[in-house]
Amino acid sequence: MNAPAPTVVRGACPHDCPDTCALLTTVEHGRATKVQGNPDHALTDGVLCTKVTRYTERTYHPERVLTPLRRIGPKGAGQFTPISWDEALDEIARRLQAIAARDPEAILPYSYAGTMGLVQGESISARFFHKLGASLLDRTICASAGAEALTQTLGNKVGMKVEHFAESQLIVIWGSNSIGSNLHFWRLAQEAKRRGARLVCIDPRQSETADKCHEHIALLPGTDAALALALMHELIVHGWLDQDYIDRYTLGWDALRARALQWPPERAAQVCGVPVEQIRRLARDWGTTRPAAIRLNYGMQRVRGGGNAVRAIVCLPALTGAWRHRAGGLLMSNSGHFPVRRAPLQRPDLLGERRPRTVNMSTIGDDLLREASPDFGPKIEALIVYNSNPVAVAPHSGRVVQGFAREDLFTVVLEHFLTDTADHADIVLPATTQLEHWDIHTSYGHTDVLLNRPAIAPVGLSRTNTDIFRALAARMGFDEPCFADSDEQLCRSAIGDAQDFEVLLEHGFASLPLPDAPFAEGGFPTPSGKCEFFSQRLADQGLDGLPDHLPNHEPIGSDPRHPLAMISPPARNFLNSSFVNVQSLRDIEAEPVLEIHPQDAAARGISDGAPVAVFNDRGRYLCTARVSARARPGVVNGLGIWWRKLGLNGTNVNELTHQKLTDLGRAPSFYDCLVQVART
Ligand code: SF4
């Protein structure tokens, strides 16, 4: 008998990446043998990043967690014994019920973007925690400063369509290493470059993307607003404004104009640490090139003034009327374009009259160590972690580890692997990967909806997140019919009638029906319908209604013991802390690295490849020095995010970061961090 022909199953990449690629998984004899980009999806164009082409290696990894586990060693030691699903679920339900009987707010869910899927992300899980009355989680760790800034200025997380960058004549790539973390946009930028476009990269690090742009502006971390204000200054002084667009479609011009005039390029050059000529040149380019577009990404908003900086940059396209052209404007996120039906998906109505407190995920280190108080509420007694690895990725990990090590904390982790976080769990539950479950995906980098079908059966005894929370709901006696919704039903309802589900079933993806140049004639989704240079909503909160430059929490030069600023952008072959345990990718990265400029290295007697300690009052991180002009003088680049246990002394860069928050959006300021470096 002939062997059955391989099947090819359509899916979507689940990772926290703006590209949200369409996947094709080849399945032979029930086993996934290959994961490729779908050539029919225009933006994916048959191409995936190196990370996800290794997806079968990750799925069938010999260290994948394939059965529920119970801890048998000290917290953090990663010593477990297999148990049955019944044992695991019974124990979790019993422990949660006992805590909930005292105060359900002592239970905290902790999740983020381990999958970007709407169903395996926050659907049945959210229903479960709402019904329970658990504490709510403020999901701020990555993007909330920028998101708040976009919302205050443009009205929502909206921007130009990514495909039109291919027609731009000037592309400013601001705060992004697109080659590493926005590959499919980079392909469009390359196309524009071939058609004669000028590419400018703004980034403290001379990234692989900066190498390939016409100009690189290596500003100091946390000075982006100063640069944007100086650009405005030059647009005003040289008359490079689209006054008609400003008059019709913006709000607060007179006030912004007065503020921008306080920022001559000489002042900004000093604050940003860049030559004044670069600022003048960029202003001229922005003021005189059409169509011109900014691809703004999230790296630059991870500083104290990150929200204000995004607000300032987002004003630039309206000043020159760049939005009039479909290849002009700005893209930071397009997720606000998608009509996701979050309330039916997550059912906040299950809370009834209860209004639980909200805990900020970015201060989990401090919050796990807090006692009960009238301000804080009850001490956190149980933590259910899914789609996240906070012990590796949350700031100030010394505090985070201390919190997770609490013997009186009951911790459950849904995972694929024994991560740094899972090592601290009382119970680990094996979760399915994207190849094993249904999901539906929007994107923050494009405007297509994608459906992910399961290609293979769950590996080992793993179960979907939804199935795990359904089973827990049943054990807790939650009998609302919504807990019986199937994953396919959840996919159908997530975006309702906005997208024909039959089209998604047939093709795997569909584009949102959006105009090509959404703000050519204003129509911003703000209260005024205009691009709000001045935000009354911010002013009403007692904040500055106009964007401004706010110095870092830890400004360079403010602490002689720690004279270097550190940023921690992702290593190219990792995505946050995902993929660090995939051997073929870790082999490429080799070891945890700190890039340091030759001048700073020489001053410390550090040679290329030398082991170094990076330290401040929060902790000490060991890694290998890479002496390189990829780091600018005064700034070191600690490439992340290694798992702590795979690092050189059981730490990673977050040993050094702090829990102080951004100006808007209550986000962490990872890239606002002073350190010293020494040979070990
Ligand atoms: S991580 Fe990004 S580039 Fe890589 S496959 Fe996923 S969506 Fe595409």
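User: At what angle do helix α9 and helix α14 pack, and how far apart are their axes?

Analyst: In this predicted model, helix α9, which covers residues 224-237, packs with helix α14, residues 306-319, at an angle of about 25°, and their axes are 8 Å apart.

User: What does that make them, roughly parallel or roughly antiparallel?

Analyst: Angles under 35 degrees count as roughly parallel, and α9 and α14 are therefore roughly parallel to each other.

User: And is the crossing left-handed or right-handed?

Analyst: The crossing in which α9 passes α14 is left-handed.

User: Which residues meet there?

Analyst: From α9 the contact takes in D224, A225, A228, L231, M232 and L235, and these meet A309, A312, I313, C315, L316 and L319 of α14. By class, the residues of this contact are 11 nonpolar and 1 charged, with no polar ones.

User: Switching to pockets, what volume does the largest one have?

Analyst: The largest pocket has a volume of about 1200 Å³, and its lining is made up of 42 residues, with Y112, E122, R139, K157 and R342 lying nearest its centre. Among the elements that give two or more residues to that lining are β6 (107-111), α4 (124-132) and α15 (342-346).

User: How many of the lining residues there are charged?

Analyst: The lining of the largest pocket has 8 charged residues, along with 19 nonpolar and 15 polar ones.

User: What about the second largest pocket, which residues line it?

Analyst: That pocket holds about 160 Å³ of space, and its lining includes L220, P221, V271, H549, E554 and A565. The lining of the second largest pocket divides into 7 nonpolar, 4 polar and 1 charged.

Note on methods:
Residues are numbered from 1 along each chain as its sequence is written. This is a predicted model: local features need pLDDT of at least 70, side-chain atom pairs count only at pLDDT 80 or more; totals for chains, interfaces and linings use all residues. Side-chain values use heavy atoms; hydrogens and water are left out. Axes are lines fitted to C-alpha atoms, for helices over the stretch in contact, and angles run from 0 to 180 degrees between N-to-C directions. Helices (H or I, at least four residues) and strands (E, at least two) are DSSP runs, numbered from the N terminus. Angles under 35 degrees count as roughly parallel, over 145 as roughly antiparallel, 65 to 115 as roughly perpendicular and the rest as oblique. A crossing is left-handed if the near helix is turned anticlockwise from the far one by less than a right angle, and right-handed if clockwise. Contact means heavy atoms within 4.5 Å. Ala, Val, Leu, Ile, Met, Phe, Trp, Tyr, Cys and Pro count as nonpolar, Asp, Glu, Lys and Arg as charged, and the others, Gly among them, as polar. On a 1 Å grid over the protein atoms alone, a cavity is a set of points where a 1.4 Å probe fits but cannot get out, and a pocket is an open set with protein on both sides within 12 Å along at least five of seven lines; lining residues have an atom within 4 Å of a point. Grid points are joined across faces, edges and corners, and a volume is the space filled by probe spheres set on the points.
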